[in-house]
Number of protein chains: 2
Amino acid sequence: MITTRDRAFMARAVQLAWRGRYSTHPNPRVGCVIARGDRILGESWHERAGEAHAEVRALSLAGTAARGSTAYVTLEPCSHFGRTPPCAKALIEAGVARVFAATLDPNPNVSGRGLEMLRAAGIRVHVGLLAGEAAKLNPGFMKRMTSGRPWVRLKMAASLDGRTAMASGESQWITGPESRSDVQRLRAMSDAILTGVGTVLADDPSLTVRREEMGDIGSATEPGRQPLRVIADRDTRTPASAKIFRGGKVQVFCATASLATSAAQDLAALGIRLRGVAWHDKGVNVAEMLDTLGDIGINEVLVEAGPTLAGSFISEDLVDELWLYQAPVFLGSTGRPTANLPLESMADKIQWQVLDRRQLGADQRLILARR
Amino acid sequence: MITTRDRAFMARAVQLAWRGRYSTHPNPRVGCVIARGDRILGESWHERAGEAHAEVRALSLAGTAARGSTAYVTLEPCSHFGRTPPCAKALIEAGVARVFAATLDPNPNVSGRGLEMLRAAGIRVHVGLLAGEAAKLNPGFMKRMTSGRPWVRLKMAASLDGRTAMASGESQWITGPESRSDVQRLRAMSDAILTGVGTVLADDPSLTVRREEMGDIGSATEPGRQPLRVIADRDTRTPASAKIFRGGKVQVFCATASLATSAAQDLAALGIRLRGVAWHDKGVNVAEMLDTLGDIGINEVLVEAGPTLAGSFISEDLVDELWLYQAPVFLGSTGRPTANLPLESMADKIQWQVLDRRQLGADQRLILARR
């Protein structure tokens, strides 16, 4: 039933979907190929929320030739009116004869409905072709729709002796330009960048995407907006003059009691969103913060934080991927640790699975997941 | 003048020389090919000190066919009577017409003499073919002959967050079996293994080569003896019952004042060699210890030590190669550092050049040299 050609067209749809990696949030990355026999009649990808979905763009390229064709979509076509009309309807109206969907819509409220609409219109439907590859496109969208929380990537730039800065806090630059450029691309893939007030006070970072530092992004759609910057700041110590407040939206998580402080009111007056969250003696309630980020539509959050917040994420097992940039240097035994993580015995050690190793100039990037 | 065939035969000689990697110490690893035209008449390598040199073995395989042939040797043939007669003489007597030597003998007292003997006998001589590859065979022999000190390899087994043990000292096992097997091969390549009394007291290691853990060594000559184990032990605190004293020779470096202690006398009574060396407030005088090891014929020393001794080697810039085995785990911020190395500012950071990266099971082995 499923031919090599079907696989090839779906692989092409996955490839197209990746072009939206810097631009579709909060929507998922989706690719679509409309084909008949060996011929591609139209192919496209979703570029930005509010703009046409992949299926509609591909159908319009195919035109009337779409009648009787097969559509390959990386995600189940939507069945509801959102900012655009339902894609399932568009496929039906175009007279498509067959639809391959790599994955179902993960949203439990609508999952399966798009395919039902297609089947009801007499279209032959197949689900699951290259499902694994398609799911990798949208780890955050998939996770948020099923658990309510975003996909968490923790980024660290460290030396071979596991230090991220000198005791003084001095840290620029540990890694080389290739790594820093990669971090820009990682930021651009993210819906939000999360840091702690300690980092803001020490380094005054912008945490924005600097397009010129991203390098060549090939055929990907240009990033269209800055990720939401998020600060965990119990006592609202972030000064209104902080660079992070320039160049896009910021969300501050503080202790509920801090919402009434004059510092909080000063920030609110600048248009900065503040939200109370619980804190315990080890720091912010990370899980609650993630729930809130999920609620406001954050699919993928990048944590770029100091050892305290990084340590909380690791010890509470809330890291989906650790992106570790390792520079071939030693910063010495007095340098700052990658994460405040007090472990007693070898039995407590955190075991990682290496998902990817890549050379970036003199550095190495590891992508790790808990084992 | 030099043909592709000449290069191929010298490459073969280098390859043969590597077969002696676990067995020739304190002699250098040497390979030899005797060829005429396209044909190899005899080829061999030096196996063990006291046994026949590579040239003599290769010549005896070639027999009378060696007359008029070309010899390819990775190191200048010796000109003096040592434990065996001079190889230059053997080449002359066999009637070899041409000799390619990849490198000169690094011993300044005899360097060039072997080739002179050959030339005086009317043999055409060429030096330098694959010199770089041949020099890699014997970094320690080369270094000791020119500087008096052995080649220093510092071995570390660490986590991705730069820890070698828990705060309690617990450390077994950070790395996997493939790494541990590799360490056995590394030990077997070494003339001596150096550690500190702290490691001896904490872990009571044997620091021997366990042949069964080395795995398959291919066509290499079997290791014939244990490397010398060396302990830096200022106050002669190593108990006579320590495992390190079983299974081979041990050298203890202590403070000169400690030579007169009863503990020192107990060790001496067991046949353990003690030697006084200077100590300063940061630890043992590493340079002096290396001078002594060079004097007693140690070409390659492997340092397997705790953070204090490792830190001394690094901060005094006395490490030729750092062999870092990295396991994909975090041991946490309370774990022991790889080296006690107090550095103040980023300008002080130790920069490494990555000579080799290799995957060993789930671990990665890096071979690093100071930049």
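Me: How far apart do the end C-alpha atoms of residues 4–126 of chain A lie?
Reply: In this predicted model, residues 4–126 of chain A carry the UniProt feature "domain: CMP/dCMP-type deaminase", taken from an unreviewed entry. The span is 32% helix and 20% strand. Its end C-alpha atoms are separated by 15 Å.

Me: What is the mean pLDDT of chain A?
Reply: The model as a whole scores ipTM 0.93 and pTM 0.94. In chain A, 100% of the residues reach a pLDDT of 70 or more. The mean pLDDT of chain A is 96.

Me: Are H2(B) and H3(B) roughly parallel or roughly antiparallel to each other?
Reply: Helix H2 of chain B covers residues 54–62, and its axis lies 9 Å from that of H3(B). The two pack at an angle of about 20°. Angles under 35 degrees count as roughly parallel. H2(B) and H3(B) are therefore roughly parallel.

Me: Which residues of H3(B) meet H2(B)?
Reply: H2(B) passes H3(B) in a left-handed crossing. From H2(B), the contact takes in B:Glu55, B:Val56 and B:Leu59. By class, the contact of H2(B) with H3(B) has six nonpolar, no polar and one charged residues. On the H3(B) side the residues are B:Cys87, B:Ala90, B:Leu91 and B:Ala94.

Me: Is the crossing of H3(B) and H4(B) left-handed or right-handed?
Reply: Helix H3 of chain B spans residues 87–94 and helix H4 of chain B spans residues 113–120. They pack at about 20°, with axes 9 Å apart, and are therefore roughly parallel. Their crossing is right-handed.

Me: Which residues of H4(B) make the contact with H3(B)?
Reply: H3(B) contributes B:Ala88, B:Lys89, B:Leu91 and B:Ile92 to this contact. The residues of the contact of H3(B) with H4(B) divide into five nonpolar, one polar and one charged. The H4(B) side consists of B:Gly114, B:Met117 and B:Leu118.

Me: Where is A:Pro26 found, the residue joined to A:His25 by a cis peptide bond?
Reply: Most peptide bonds are trans. The bond that joins A:His25 and A:Pro26 is cis, with omega about 5°. A:Pro26 is in the loop between helix H1 (4–18) and strand E1 (31–36) of chain A.

Me: What is omega for the peptide bond from B:His25 to B:Pro26?
Reply: B:Pro26 sits in the loop between helix H1 (4–18) and strand E1 (31–36) of chain B. The peptide bond from B:His25 to B:Pro26 is cis. Its omega is near 5°.

Me: What is the phi of A:Asp317?
Reply: Most residues other than glycine have a negative phi. A:Asp317 lies in the loop between helix H12 (307–315) and strand E15 (321–327) of chain A. Although A:Asp317 is not a glycine, its phi is positive, about 55°.

Conventions. Residues numbered from 1 in each chain as written. Chains lettered and ligands numbered in written order. Predicted model: local features only at pLDDT ≥ 70, side-chain atom pairs only at ≥ 80, totals over all residues. Heavy atoms only, no water. Axes fitted to C-alpha atoms, helices over the stretch in contact; angles between N-to-C directions. Helix = DSSP H or I, 4+ residues; strand = E, 2+ residues; numbered from the N terminus. Parallel < 35°, antiparallel > 145°, perpendicular 65-115°, else oblique. Left-handed = near helix turned anticlockwise from the far one by under 90°. Contact = heavy atoms within 4.5 Å. Nonpolar A, V, L, I, M, F, W, Y, C, P; charged D, E, K, R; others polar. pLDDT = per-residue confidence, 0-100. UniProt positions renumbered as here; feature names shortened; annotations may be inferred.
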